[in-house]
Amino acid sequence: MNAIHNATKHFKTKLANGLEWIDVPEWDTKVYFTASATLKQTEEVVKLHQEKKVMEALVTVLIMRALNEEGKPLFKMVDKFELMNNVDPEVVIRVANHILNQEPKADEIAKN
C-alpha cells in the first residue's frame, strides 16, 4: 500500500464514524454534521475569515456541512442569500460554531 491510499483510507474511516448533531429548536430540527471537514471546505472558510467576512464564513460552514439525518445537505449555495439576510444570526452563529468546535479553528489554521 502507498501513502496516499493510507491517507485517504484514514479519512474515510474518520468520516464513517457517524454523524454528530446539534438540536436547533428554533428551526424545529436537528442539524447533523461530520466531525471533520475536507481541506477544500476548510480553505474556503479560512479565506472568507481572512477577508474579514466572518458571518459569510459561518453561513458557508452551514451550507457545506449541515446535513439531515440521512446525511444529505440541509442547504444549497442558492440558500446563501436567505441565510445571510432572513435567518436569525444568533442561531446561525451558534450552530456553525458548534460544528467548527469539533475541529481546529479557522484562525488557528490560517496562522499556521
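Residues are called buried when their relative accessible area is under 20%, exposed when it is over 50%, and partly exposed in between, with a 1.4 Å probe and protein chains only. The model examined here is predicted, so that local features need a pLDDT of at least 70 and side-chain atom pairs count only at pLDDT 80 or more, whereas totals for chains, interfaces and linings use all residues. Residues are numbered from 1 along each chain as its sequence is written, and side-chain values use heavy atoms, with hydrogens and water left out.

The protein chain contains six helices and two strands, where helices (H or I, at least four residues) and strands (E, at least two) are DSSP runs numbered from the N terminus. In sequence order these elements give the pattern α-β-β-α-α-α-α-α. The radius of gyration of the protein chain, 15 Å, is close to the 13 Å that the globule rule gives for 112 residues, so the chain is as compact as a globular protein of that length; the radius is taken over C-alpha atoms, and the rule is 2.2 Å times the number of residues to the power 0.38. The C-alpha trace spans about 50 × 35 × 25 Å along its principal axes. Of the 112 residues in the protein chain, 31% are buried. The chain exposes about 7500 Å², of which carbon and sulfur atoms supply 55%, the accessible areas coming from the Shrake-Rupley method with a 1.4 Å probe and, for residues, with only the protein chains shown counting as cover. Contacts (heavy atoms within 4.5 Å) between residues at least 6 apart in sequence join residues at least 24 apart in 60% of cases.

The two strands, β1 (20-24) and β2 (29-33), run antiparallel and are joined by five bridges, the criterion for pairing being that DSSP finds at least two bridges between two strands. Within this pair, aspartate 23 stands opposite lysine 30 in β2. The phi of aspartate 28 is near 55°, a positive value in a residue other than glycine, and the residue is exposed, at 72% relative accessibility.

Phenylalanine 33, found in β2, is buried with a relative accessible area of 0%. When neighbours within four places in sequence are left aside, the contacts of phenylalanine 33 include Leu19, Trp21 and Ile22, and also Leu67, His98, Ile99 and Gln102. Phenylalanine 33 and isoleucine 63 are 30 residues apart in sequence, with 11 Å between their C-alpha atoms. Tyrosine 32, likewise in strand β2, counts as buried at 13% relative accessibility. With residues up to four places away in sequence not counted, tyrosine 32 touches Leu19, Glu20, Trp21, Arg65, Ala66, Leu67, Asn68 and Glu69. Between tyrosine 32 and asparagine 97, which are 65 residues apart along the chain, the C-alpha atoms are separated by 13 Å.

Helix α2 has 12 residues and reaches 16 Å from its first C-alpha to its last, close to the expected 16 Å at 1.5 Å a residue, the expected span being 1.5 Å times one less than the number of residues. Its buried residues are Gln41, Thr42, Val45, Val46 and Leu48. Seen down the axis of α2, these buried residues fall within an arc of 160°, so they line one face of the helix; the arc is that of the directions from the helix axis to the C-beta atoms. Leu39 and Lys40, on the other side of α2, are exposed.

After α2 comes lysine 52, which is found in the loop between α2 (39-50) and α3 (54-65). Although lysine 52 is not a glycine, its phi is positive, at about 65°, and the residue is exposed, with a relative accessible area of 73%.
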